[in-house]
Amino acid sequence: MAPRTEHDTAGRRAFLRFATAFAAVVAVFAPRRSPANEVPPQLQAGSRSSPRPLTPAEIQAAVHRVTGGAKVTPGRVKLDLPPIVENGNSVHCTVTVQSPMTPADYVKSVHIFTERNPQPNVIGVRLGPRAGLAKFSARIRLADTQKVTAIAEMSDGTFWSDRAEIVVTGGACLEDT
């Protein structure tokens, strides 16, 4: 077997970046069947008015469905969001998790929660040790100015988080009547 060249390593890295980006796109557009993505009761009546902000208890319930009640510790996760956007229909976000991504220590999943969207869990991405890099970028829709939280589940069963506030001058997720 021939030794790996620098070209082989660069090709592997490019493939891993592509695979991570592809997984993020699939996670965004895949049908959501998780209980964490259920529409809150206040939005199930068919109202087309602006959604009211979720209560802290409702957000905590959505987080609880993902974490199973485990403690979520701030740290190891970095959520990058612009501080202000004009259009909430396509907000670029990047989540980076500090992890060696080895078979013994890796990121199992990353979830993004919002407090003013009809569905609080807007993204759920599953990763594994072969991902090579615990980082992904996506575009999300945000209904209004709000706080966004990213939570990462590690292979040892711990949960870590980061939170960012974003000002949205033109919200998404709302339909005109």
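1. Helix α1 (residues 6-29) contributes most to a patch of positive charge, supplying three residues. The patch sits on the surface and brings together Arg4, Arg12, Arg13, Arg17, Arg130 and Lys135. Patch members have over 30% relative accessible area and no salt bridge; like charges are joined within 9 Å, and nonpolar side chains (Val, Leu, Ile, Met, Phe, Trp, Tyr) within 5 Å. Lys and Arg count as positive, Asp and Glu as negative; His and the chain ends are left out. A charge is placed at NZ of Lys, CZ of Arg, CG of Asp or CD of Glu.

2. A word on the source. This is a predicted model: local features need pLDDT of at least 70, side-chain atom pairs count only at pLDDT 80 or more, and totals for chains, interfaces and linings use all residues. Residues are numbered from 1 along each chain as its sequence is written, and side-chain values use heavy atoms, without hydrogens and water.

3. The overall layout comes next. The protein chain has two helices and nine strands. Along the sequence the pattern is α-α-β-β-β-β-β-β-β-β-β. Helices (H or I, at least four residues) and strands (E, at least two) are DSSP runs, numbered from the N terminus. Of the 177 residues, 36% count as buried. Buried means under 20% relative accessible area, exposed over 50%, and partly exposed in between (1.4 Å probe, protein chains only).

4. Back to the surface. Arg4 counts as exposed because its relative accessibility is 64%. There is also a nonpolar patch, formed by Phe15, Phe18 and Phe22, with about 380 Å² of accessible area together. Phe22 belongs to helix α1. Accessible areas come from the Shrake-Rupley method with a 1.4 Å probe; for residues, only the protein chains shown count as cover.

5. Strand β2 (residues 77-80) has alternating side chains. β2 pairs with strand β4 (residues 91-97) in the antiparallel sense, over four bridges. Two strands pair if DSSP finds at least two bridges between them. Thr94 in β4 is the bridge partner of Asp80.

6. How many salt bridges are there? The count comes to four. The rule asks for a side-chain nitrogen of Lys or Arg within 4 Å of a carboxyl oxygen of Asp or Glu. One of them joins Asp80 and Lys78 at 2.7 Å, N to O. Asp80 is partly exposed at 33% relative accessibility, and Lys78 is partly exposed at 46%.

7. Another salt bridge joins Glu153 and Lys108 at 3.9 Å, N to O. Glu153 lies in strand β8 (residues 146-154) and Lys108 in strand β5 (residues 107-114), so the pair ties together parts 45 residues apart in sequence. Glu153 is buried at 16%, while Lys108 is partly exposed at 33%.

8. Asp144 and Arg116 also meet in a salt bridge, at 3.4 Å, N to O. This pair links distant parts of the chain, 28 residues apart: Asp144 is in the loop between β7 (135-140) and β8, and Arg116 in the loop between β5 and β6 (121-126). Asp144 is partly exposed at 27% relative accessibility.

9. Finally, the backbone. Most residues other than glycine have a negative phi. Arg76 has a positive phi, near 60 degrees. Arg76 is in the loop between β1 (72-74) and β2 and is partly exposed at 23%. Met101 has a positive phi of about 50 degrees, though not a glycine. Met101 is in the loop between β4 and β5 and is buried at 6%.
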